[in-house]
Amino acid sequence: MDILTMGAILLALMLVLLAGGVWIAMTLAIVGWVGQAFFTSTQPAKNLFSAFWESNASWELAALPLFIWMGEILFRTKLSEEMFEGLRPWLNRVPGRLMHTTVLGCGIFGSVSGSSAATCATIAKVALPELQRRGYSERLALGSLATAGTLGILIPPSITMVVYAVAADASIIRIFLAGFIPSAILMALFSGYIAWWSIRHADQVPAADPPTPFLEKIRRSGQLIPCTLLIVFICWVLIAGYATATECAAYGVAGSLALAVWGRSLTWRNFADGLMGATRTSCMIMFILAGASFLTKTMAFTGIPRELAEWVDSLQLSSYALIAVLVGVYLVLGTALDGISMIVLTSAVVLPMIQKAGFDLVWFGIFVVLLVEIAEVTPPVGFNLFVLQNMTGKDSNTIARAALPFFGCLVVCIVVITVFPQVVTWLPDVVMGADGSAVPPVVN
């Protein structure tokens, strides 16, 4: 059977199952099983068990439930409310006001967790109830959380960046450095859209508080100190190399518990509720990861990603036409694969094409990470959509529509780094010196 026909059948089956209300993880596993049973000669039962084990038996993944538990502790004690109270006087005159905390929170937490799912789940658990309680637009909050949560894989350290660096035989440090300026641009675009939306829909934004004297702002900012010190400490031990991401997550949980005890807001009830909430959310995410891992195996066995990459290579396109087609290919793959799988399954064919076209591999790494971010909010298999769906009970398509304007911000960021590649390469070149093996993008 033709590869494209095979892919169309599997995609149609996935859409039917999701529309029928089948659990997301089960849908991914069923589609993977059908693909292997009918379109390959492999043993789906054996691969199913191996995929479920390999996707969850990971030391790095242990950081995920710990960071989620940290978010639960902040949410169920007074710490999250104190953070918002400390930020409120400073954001009072900014269009959008506290809505910007979704972007700021995801940006800060993304630098610690390195995981899109952990960032989205943790900040949503803390910010969403507070924003709803204060009367902010739920639609705007969901859209910003879904997309800003993807900053976890763009702001270093990032597992996705490490995987790409290994696949491309590129410097991990250079790619880490290359992610800082694009992530700052992306955060500015997200906040800019929130401000623009708030000006256009002033009736849907809570009224501004009376002006707060400067000394009062300073006094209220004292409520930010405990959580700020915790985040700074976690970032410091990670960047200094004293702890891994998983160990930092453990420090985050211990620190959150200590702050809650110190603030006399921790009780046995909210401790147990937070632990159970973190367990439910973590199991949900890990179950989806397992299903996605099995579907990834199916994609590898059927050869669909490699076939797409080879088809692009056969077109003999100019440099920027190649980039435009690769955007389409990765967006299609993003509907069925997670970001790491997209990179692993296509790198052998795509990277030689990129080098031949004269593009810098470090630049292309950031380009691919941005495409992976888009895949995280692209239905039917946008992972951040699943996370928010299970946390809020909203339909994933509803969340996807809410994220659409922020999706546009991601596209704008891709256009910016394509037209101005120095945005990506400048910082690595300044810190580490120019890489002689890298060639800036050129137009054929």
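These notebook entries record what I looked up in the structure.

**Entry 1. Basis and overall figures**

I worked with a predicted model, in which local features need pLDDT of at least 70, side-chain atom pairs count only at pLDDT 80 or more, and totals for chains, interfaces and linings use all residues. Residues are numbered from 1 along each chain as its sequence is written, and side-chain values use heavy atoms, with hydrogens and water left out.

I first looked up the secondary structure and found 22 helices and zero strands. Helices (H or I, at least four residues) and strands (E, at least two) are DSSP runs, numbered from the N terminus. I then noted that 53% of the 444 residues count as buried. Buried means under 20% relative accessible area, exposed means over 50%, and partly exposed lies in between (1.4 Å probe, protein chains only).

For the accessible surface of the protein I recorded about 19,200 Å², with 67% of that belonging to carbon and sulfur atoms. Accessible areas come from the Shrake-Rupley method with a 1.4 Å probe, and for residues only the protein chains shown count as cover. Among contacts between residues at least 6 apart in sequence, 80% join residues at least 24 apart; contact means heavy atoms within 4.5 Å.

**Entry 2. Salt bridges**

How many salt bridges does the rule give? I counted three, a salt bridge being a side-chain nitrogen of Lys or Arg within 4 Å of a carboxyl oxygen of Asp or Glu.

I looked at Lys394 and Glu138, whose side chains meet in a salt bridge at 3.3 Å, N to O. This pair links distant parts of the chain, 256 residues apart: Lys394 sits in the loop between helix H20 (383–392) and helix H21 (396–419), and Glu138 in helix H8 (residues 138–148). Lys394 counts as partly exposed at 31% relative accessibility, and Glu138 counts as partly exposed at 29%.

I next examined Arg174 and Asp429, which form a salt bridge at 2.6 Å, N to O. Arg174 belongs to helix H10 (residues 172–178) and Asp429 to helix H22, so the pair ties together parts that are 255 residues apart in sequence. Arg174 counts as buried at 9% relative accessibility, whereas Asp429 is partly exposed at 29%.

I also noted the salt bridge of Arg269 with Asp273, where the closest N and O atoms are 3.2 Å apart. Because these residues are four apart in helix H15 (residues 268–302), about one helical turn separates Arg269 and Asp273. Arg269 is exposed, with a relative accessible area of 62%, and Asp273 is partly exposed at 29%.

I looked for nonpolar residues on the surface and found a patch formed by Ile173, Trp426, Val430, Val431 and Met432, with about 510 Å² of accessible area together. Patches are made of residues with over 30% relative accessible area and no salt bridge; like charges are joined within 9 Å, and nonpolar side chains (Val, Leu, Ile, Met, Phe, Trp, Tyr) within 5 Å.

Which helix gives the most to this nonpolar patch? Helix H22 (residues 422–432) does, with four residues. I checked Val431, which is found in H22, and recorded it as exposed with a relative accessible area of 52%.

I then turned to the buried residues of H22, which are Val423, Val424, Thr425, Leu427 and Pro428. These buried residues pack against H10, helix H11 (180–200), helix H19 (361–376) and H21. Just after H22, Gly433 takes a positive phi of about 90°.

**Entry 3. Helices H2 and H3**

I looked up the crossing of helix H2 (residues 24–39) and helix H3 (residues 44–56), whose axes come within 9 Å and cross at roughly 145°. Axes are lines fitted to C-alpha atoms, for helices over the stretch in contact, and angles run from 0 to 180 degrees between N-to-C directions. At this pair, Trp33, Gln36 and Ala37 in H2 meet Pro44, Ala45, Asn47 and Leu48 in H3.

Is Thr102 buried or exposed? I found Thr102 buried, with a relative accessible area of 0%, and placed it in helix H6 (residues 101–113). Leaving aside neighbours within four places in sequence, Thr102 is in contact with Ile123, Ala127, Leu131, Ser144, Leu145, Ala148 and Ile194. The C-alpha atoms of Thr102 and Ala148 are separated by 7.2 Å, with the two residues 46 apart along the chain.

Last, I looked at Ala184 in helix H11, which counts as partly exposed at 45% relative accessibility. The C-alpha atoms of Ala184 and Leu154, 30 residues apart along the chain, are separated by 9.9 Å.
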